[in-house]
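Welcome, and please get your viewer ready.

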Amino acid sequence: MKGVVSPKRRCNCFFIAVLGLAFLSMLVPLVFLLGFHSSGFPFEQESSQLRDALEGYDLYDFSHMIGIIQQEHVNNPIKEMPVGNGINSSSNKSPMQVEQRNFGPLAGNYVHVPSPTRTEVKISSPVQVIQLAKTVDENEMHCELRFGSYCLWRCEHKEVLIDSMVKKLKDRLFVARAYFPSIAKLPAQEKLSTELKQNIQDFERITGEATTDSDLPSHLGEKLQRMEAVIAKSKSIRVDCNNVDKKFRQLVELIEDEANFHTKQSAFLYQLAVQTMPKSLHCLSMRLTVEYFNKVSMDLEVSPTENIVDPELYHYVVLSRNILASSVLINSTVAHAKESKKLVFHILTDRENYYSMKMWFLKNSFNESAVQVLNLEDYIPESYNKMPDLSLAEEFRVSFQTAHKLPPMHYKMEYISLFSHSHYLLPEIFKNFDRIIVLDDDMLVQKDLSALWKIDMGRNVNGAVEMCTVQLGQLSNYLGRNSFNSSSCVWMSGVNVIDLAKWRELNLTETFRKFVKEFDIEGTHYEAAASRASLLTFQDLVYALDDSWVLSGLGHNYGLGSQAIRNAAVLHYNGNMKPWLEIGIPKYKSFWVKFMNGEDQFLSECNVSL
């Protein structure tokens with residue numbers, strides 16, 4: 001019957017259709033795997049062309065170029081691209097022009113305020129991109145908070161890269177080492193392998209002998225060009241990426257081990273610099289000691305003046321082993337004093353530095369003020385058998401958990417300085433005085449201190465600046481089972497107005513010794529026991545000075561403002577980074593150095609330069 005398909009024929013058609021579908025299901029994945037497909041989107045084609053065009057360029061240069069292109073993207077928002085027949089009408093433009101229009105991490109609508117100084121940049125080739133990236137200053141690049149706070153911080157704290165050529169050579173050596181094992185395994189690339197090996201050996205020798213750009217040889221340009229060419233050839237050869245990846249990981253692990261070693265080494269050297277006297281200051285002490293004994297004693301000894309024992313004058317006590325520090329302290333105090341003739345300084349030092357300290361202050365005068373140098377070891381009672389010869393103000397760090405507003409595991413660090421056991425000898429050494437002011441040798445005076453002598457402290461003994469960010473209750477584990485007011489603030493040594501009359505009346509020295517014995521029973525080191533005992537000895541006997549008198553932290557805190565430094569009457573360089581050390585904080589060191597007598601003969605002979 002016409003128009004009717006037989007069952008046998010329908011079965012054949014169905015079988016042919018199934019075979020066709022099976023063939024197509026195998027063909028389509030094969031086309032994608034072999035790369036014979038086209039997505040129809042010109043951006044993907046042009047992106048692959050861009051990657052080919054940029055192949056062989058350094059990672060540093062490429063990342064810098066991307067920053068320029070992203071900047072161009074921000075200043076020229078993406079416009080709607082007309083599409084016709086599935087093909088972009090602008091697909092005949094160069095790859096870099098397409099990249100300039102479309103490359104960038106930003107999306108969505110945003111408002112851009114054009115800069116009046118910006119010039120329009122047209123990029124047409126990779127070479128122009130690299131040249132442009134090297135000429136554009138990073139400060140001109142757009143940096144907003146939406147790109148991250150680090151971007152803003154980097155612009156504010158930008159530093160000039162030193163020894164950039166040495167770093168570049170090490171980077172090329174790093175890349176060459178990564179490619180060498182894979183290239184060496186290819187028999188057809190024996191010549192390239194030999195050339196790569198020779199360049200690696202040359203760069204290893206150069207970087208091993210040079211640590212700064214000034215140490216590099218003059219003919220380095222040719223070697224660098226040869227290395228660049230060899231690296232470019234190595235990148236153009238297809239190698240096993242797993243081998244390159246493995247080599248890179250080995251090199252990264254090697255660099256990490258080296259970084260850990262240098263970290264530990266720097267920590268050790270830092271502690272060494274903190275705890276040892278600089279060579280120049282040791283030289284100064286030795287030279288002054290020799291000079292003292294070379295002179296005739298009768299010519300040097302000066303009979304005590306009446307000012308030294310006059311209780312009506314302003315008597316300042318300084319405990320120090322450092323000639324330079326004590327000299328700067330006295331010089332700055334006298335320079336800002338309204339009546340320098342009323343100032344008397346008593347320097348307590350140990351036997352090793354006594355003669356050098358005495359020689360220095362005999363040959364240097366400080367206007368009309370008087371200076372007396374005493375050997376503290378001559379005043380230590382025999383009953384103090386465990387007391388060291390001389391101990392300066394005890395400095396220690398306190399770490400404790402902060403308030404609940406911050407993360408629960410966040411700890412805060414504070415630097416605290418307190419009286420040592422040597423300070424508790426002052427009432428016996430200066431029996432004729434009722435009031436003195438004790439100054440640490442790491443201080444710098446910027447204003448007249450005469451107002452401190454007129455303060456009425458009532459029944460209090462110690463006039464000091466308090467640090468209420470640390471309270472005794474936070475140090476309960478440190479202070480033991482003793483009773484104390486947990487809300488009391490920790491007081492700081494540095495500038496301390498001491499009422500010696502009330503000190504003797506309350507017999508605070510004996511109270512201090514009892515606390516030391518109590519902590520000593522617990523097996524605590526004597527100096528650690530002294531700092532604990534100091535916190536408890538003056539409990540409820542501290543007169544809080546105004547915070548404007550002393551600004552602390554110049555030996556450890558980088559964040560102090562210039563206005564706060566100028567307003568403070570006294571600067572306290574408490575912490576490890578003292579101004580006379582090389583590790584001192586540079587922006588604070590300048591205030592200290594200007595009160596140093598740089599023209600002194602002994603300073604120049606010992607190369608004392610800060």
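Start by selecting residues 190–209, which form helix 8. Helices (H or I, at least four residues) and strands (E, at least two) are DSSP runs, numbered from the N terminus.

Before you go further, a word on the model: it is predicted, with local features needing pLDDT of at least 70 and side-chain atom pairs counting only at pLDDT 80 or more, while totals for chains, interfaces and linings use all residues. Residues are numbered from 1 along each chain as its sequence is written, and side-chain values use heavy atoms, with hydrogens and water left out.

Stay on helix 8 and show the side chains of Leu 192, Ser 193, Leu 196, Asn 199, Ile 200, Phe 203, Ile 206 and Thr 207, which are buried. They cover an arc of only 155° around the axis (taken from the directions from the helix axis to the C-beta atoms), which puts them on the same side of helix 8. Here buried means under 20% relative accessible area, exposed over 50% and partly exposed in between (1.4 Å probe, protein chains only).

Which helices do these buried residues pack against? Select helix 7 (164–184) and helix 9 (220–236) to see them; contact means heavy atoms within 4.5 Å. Now turn to the face directed away from the buried side, where Glu 190, Lys 191, Gly 208 and Glu 209 are exposed.

Next, pick Met 492, in the loop between strand 12 (489–491) and strand 13 (495–499). Is Met 492 buried or exposed? With a relative accessibility of 5%, Met 492 counts as buried. Leaving aside residues up to four places away in sequence, Met 492 touches several others, including Tyr 415, Ile 416, Val 465, Ser 552 and Asn 574.

Finally, zoom out to the whole protein, with its 23 helices and 16 strands. Of its 610 residues, 40% count as buried. Among contacts with a separation of 6 or more, 75% join residues 24 or more positions apart.

Terms used
Expected span 1.5 Å × (residues − 1).
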